[in-house]
Amino acid sequence: MTAEPALGTHRLRAAAATAAARTACEGGSRWIDTSPNYGAAAVHRDLRPVLEEFPAVRVATKTGFYTRAQGQEAVEAGILPAGLAEARHSLDPGFLDWQTRRSTTDLGRADIVFVHNPETVGHGDRDRLHTEIRAAFAVLEDLAGAGLIGGYGVATWSGFTEDAFTIPELCTLAREAGGPGHHLAAVQQPVSLVMAHPITRALDGRGPLVQARSAGLLTFASAPLHGGELLDLVTPELVEFIRPNTSPAMACLLAAGSCPSLDVLLVSASTPDHWNTAVAALDDPLTETELRKVLDVLAPR
């Protein structure tokens with residue numbers, strides 16, 4: 001089983017977000033992933049008309065990172081202390097509540113709100129980090145209980161690989177914040193031929209993706225092309241080995257999307273051709289045996 005493609009807006013210019021979202025929704029995307037700091041804070045507002053046009057499409061956004069202008073607004077509103085407008089990231093509970101409420105207003109709804117790269121705080125102090133994550137979860141539990149958001153999760157770049165937290169620990173923190181009926185619903189992490197550790201572990205039946213699936217959480221993969229860098233790194237021989245007669249983009253997306261226990265693969269498809277490429281790439285996944293052979297080719301000798 002392969003992951004389903006969905007639109008990720010991280011790499012999209014604000015001016016392109018509306019057209020890209022409409023293309024993805026018309027092409028069958030069931031999710032759009034975004035953040036209030038994407039596109040100089042303009043992407044949320046640009047997405048709302050499309051989300052209203054496609055009410056069945058779900059939207060995931062994030063909380064934690066902010067633009068300088070958003071930070072200044074939060075300082076002026078008394079939400080953040082003076083001087084933190086430039087910090088660009090905060091897990092302060094009052095700020096997370098304020099930012100998430102603004103996001104739901106801008107988007108019209110939020111089915112999942114990811115705590116964005118929580119490993120940014122704590123500086124290696126796991127106890128402090130877990131205390132902050134629990135407090136963030138408590139804020140999002142209140143918002144979910146009030147019907148303002150559908151649920152929440154954690155979107156991380158390095159939290160799992162740096163052992164900042166594990167899936168069982170996140171589930172424990174969610175239960176402590178929201179009880180047995182907590183609203184922890186999803187996790188997101190990078191999965192690609194560069195960030196291949198999640199694939200290796202999932203193939204062995206372990207790791208955060210497998211644990212998340214077992215816990216009933218949706219699993220999202222970000223950066224399957226590693227910010228576009230993979231397209232210059234893969235050789236024609238590797239592309240042919242992954243799947244004959246495909247493009248570098250299709251081969252890289254296919255490898256990431258074939259990862260076991262992965263539900264959603266986020267692609268920054270800015271044009272209909274890009275979206276159709278993603279859909280075609282994920283139409284026929286690699287078998288686990290084929291995927292292991294690809295990783296063996298990439299393994300250091």
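**Close-ups of cysteines and salt bridges**

**View 1. C25, a buried cysteine.** C25 has a relative accessibility of 8% and so counts as buried, where buried means under 20% relative accessible area, exposed means over 50%, and partly exposed is anything in between (1.4 Å probe, protein chains only). A quick note on what you're looking at: this is a predicted model, with local features needing pLDDT of at least 70 and side-chain atom pairs counting only at pLDDT 80 or more, while totals for chains, interfaces and linings use all residues. Residues are numbered from 1 along each chain as its sequence is written, and side-chain values use heavy atoms, with hydrogens and water left out.

View 2. Taking a disulfide as a pair of cysteine sulfur atoms within 2.5 Å, the count for the model is zero.

View 3. Side chains of opposite charge can pair when their charged atoms come close. The cut-off here: a salt bridge puts a side-chain nitrogen of Lys or Arg within 4 Å of a carboxyl oxygen of Asp or Glu, and that rule gives 16 of them. Salt bridges tie R68, E86 and R88 together in a network. Within it, E86 pairs with R88, and their closest N and O atoms are 3.8 Å apart. How accessible are the two partners? E86 comes out partly exposed, with 46% relative accessible area, and R88 is partly exposed too, at 36%.

**View 4. The pair D111 and R109.** Another salt bridge joins D111 to R109, with 3.8 Å between the closest N and O atoms. D111 has a relative accessible area of 23%, which makes it partly exposed; R109 lands in the partly exposed class at 22%.

**View 5. R292 and D204, from distant parts of the chain.** The side chains of R292 and D204 meet in a salt bridge, N to O, at 3.3 Å. R292 belongs to helix 13 (residues 288-298), whereas D204 lies in the loop between helix 7 (197-203) and helix 8 (208-214), so to speak 88 residues away. Helices here are DSSP runs (H or I, at least four residues), as are strands (E, at least two), numbered from the N terminus. R292 is partly exposed at 34% relative accessibility, and D204 is partly exposed at 41%.
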